[in-house]
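Please have the sequence and the model open while reading this note.

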Amino acid sequence: MSVKQLSKKTVLYSTHLSLNARMDTVGGFIMPIQYSGIIKEHNATRQSVSIFDTCHLGKIRISGENACTDLEHILTCSVDSLAVGQCRYGFMCNEQGGMIDDLIIYRIAENKFILVVNSSEQHTDFEWVRKHSSENTAITDISDITAKIDLQGPKSPPVLNKLLDESITDLPYFHFTYRYYRNTKLLISRTGFTGELGFEIFCPHDIARSLWKACVNSGVTPAGLECRNTLRLEMGYPLYGHEIDDTHNPVETGYSCAIARDKTFIGSDHIPDEIVVPTKLVGITLSGIQTARHGDGILSEDKKNIGTVTSGSYSPSLEKAIALGYVRKEFSRPGTEIIISAHKKKMKASVSELPFYKEASGRKKLSDFL
Amino acid sequence: MTPEDRKYTESHEWVKTEGGHAVVGITDHAQDALGDITFVELPETGTPVTRGGECCVVESVKAASDIYAPLSGTIAEVNTALTDAPELINSSPYDTGWIFKIKDIDESELDSLMDAQAYESFLEHNE
């Protein structure tokens with residue numbers, strides 16, 4: 001039996017086939033990786049609006065009077081300071097401070113939360129949360145009953161508003177709200193993995209196809225997971241399996257904002273202070289068009305081993321080759337000249353500031369895009 | 001459609017003889033599978049190549065792929081237009097998107113390569 005036969009399908013599978021998407025297995029699911037081409041889909045997201053099937057991501061609901069306390073212990077980010085209607089980026093670490101996964105936590109009610117986690121790790125995460133939660137905390141895997149569609153790009157607000165019972169005119173970054181589409185309640189959050197202003201829409205399965213088609217019929221470009229990767233890379237966002245793994249701790253990623261220092265959590269004893277951390281995730285710009293790839297070595301100018309590339313691609317927005325990699329901290333200053341040691345050749349590169357792409361609309365005021 | 005005036009390899013290169021030289025490129029299937037091509041590392045003129053040996057790299061947004069010489073010989077000419085416009089391979093894989101030419105070839109090596117029909121049937125059975 002082939003892997004493909006063992007892979008799961010999202011509720012939008014037949015929709016992708018009817019749009020002639022190229023499909024491949026991602027995180028245990030057969031997902032659309034490309035429709036019209038990575039560069040076209042990428043540019044549509046940066047300049048206009050595109051739509052992604054992200055139903056494959058894991059969704060775990062946690063509720064009960066101890067839910068907040070339990071999650072404070074399990075996650076690196078602050079949980080209790082979240083307002084209802086707010087969401088936050090964080091990590092789940094093992095006892096040694098290594099990253100099990102990165103995630104977004106949503107506070108649905110005072111004692112009710114949803115974690116959105118990576119598809120390949122959803123069962124590990126679920127078991128980990130269950131193992132470390134109180135007996136009276138209810139933990140439910142809602143992945144299979146909740147569809148998720150991401151509408152991303154500066155032109156996403158008017159497209160979305162046309163479909164809703166009531167327009168969204170004022171929703172801050174990393175906050176969520178509820179609206180109705182054809183009498184079905186949607187949870188809509190101002191988040192995404194592209195850097196652009198956009199929404200992640202959570203809905204019941206039975207409405208997902210209709211919502212997808214309504215967006216596409218409004219002129220939205222269907223986009224595959226390969227361009228989601230080039231978009232996130234241009235923003236310097238870490239990705240599970242590349243930058244996120246249990247051999248690195250959250251401080252090394254540079255996302256110190258996702259680590260609450262005023263509490264203890266699983267692994268916190270082993271998570272060093274930013275000042276003493278020996279390695280750091282950095283942006284890398286290559287001098288040519290040829291890209292670095294995951295696993296390539298990083299050398300100092302005097303050819304000493306200083307790190308490893310974790311992701312690399314051609315950047316459609318910047319029209320040059322960019323990468324992310326972990327390097328020894330003394331080489332992490334932007335502008336530092338380095339060498340990428342690929343399988344067959346060495347390439348000149350330099351450490352870059354993140355994000356690579358600085359024009360993204362993601363954090364801008366929603367009302368300016370209506 | 002797969003052009004019938006040339007031969008094909010299992011690694012998706014095409015080769016067409018033209019005035020004693022062999023012109024080489026990648027097939028429409030290969031360019032489609034690679035997606036948007038962003039960079040071609042062309043071989044140097046005068047480099048000897050061996051049939052089946054790696055001789056150049058084509059990179060797309062998502063991956064880097066080695067191109068293998070379909071015949072033995074010497075690199076006679078490279079398509080320098082690809083340096084500034086690697087996307088020619090996507091838009092015209094069988095024509096302006098050619099990659100290099102080989103001289104000093106042994107035309108009998110062509111016999112073991114697939115014709116258009118055999119290549120199409122190869123794709124059908126291997127996809």
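**Notes on the two chains**

1. In chain A, 10 residues of domain 1 are in contact with 10 residues of domain 2; two residues are in contact if their C-beta atoms, placed from the backbone, lie within 7 Å. The side of domain 1 of chain A that touches domain 2 of chain A has three nonpolar, seven polar and no charged residues. Here Ala, Val, Leu, Ile, Met, Phe, Trp, Tyr, Cys and Pro count as nonpolar, Asp, Glu, Lys and Arg as charged, and the others, Gly among them, as polar.

2. This is a predicted model, in which local features need pLDDT of at least 70, side-chain atom pairs count only at pLDDT 80 or more, and totals for chains, interfaces and linings use all residues. Residues are numbered from 1 along each chain as its sequence is written, while chains are lettered from A and ligands numbered from 1 in the order in which they are written.

3. The domain assignment divides chain A into domain 1 (3-55 + 144-233), domain 2 (58-139) and domain 3 (278-355). Such bounds come from an automatic or database domain assignment. Between the C-alpha centres of domain 1 and domain 2 of chain A the distance is 24 Å.

4. Chain A gives 12 residues to the contact with chain B, and chain B gives nine. On the chain A side, α3 (38-47), α8 (225-235) and β17 (305-315) each supply at least two residues. Helices (H or I, at least four residues) and strands (E, at least two) are DSSP runs, numbered from the N terminus. By class, this side of chain A has four nonpolar, six polar and two charged residues.

5. Chain B has four helices and nine strands, in the order β-β-β-α-β-β-β-β-β-α-α-β-α from the N terminus. Its C-alpha trace spans about 35 × 35 × 20 Å along the principal axes. Of the contacts in chain B with a separation of 6 or more, 63% join residues 24 or more positions apart.

6. Which residues of helix α6 (residues 156-163) of chain A are buried? They are A:S156, A:P157 and A:L160. They lie on the same side of α6(A), because they cover an arc of only 95° around the axis, the arc being that of the directions from the helix axis to the C-beta atoms. A residue is buried if 20 or more other C-beta atoms lie within 10 Å of its own, exposed if 12 or fewer, and partly exposed in between. The buried residues of α6(A) pack against β10 (146-152) and β13 (198-204) of chain A, whereas the face turned away from the buried side carries the exposed A:P158 and A:K162.
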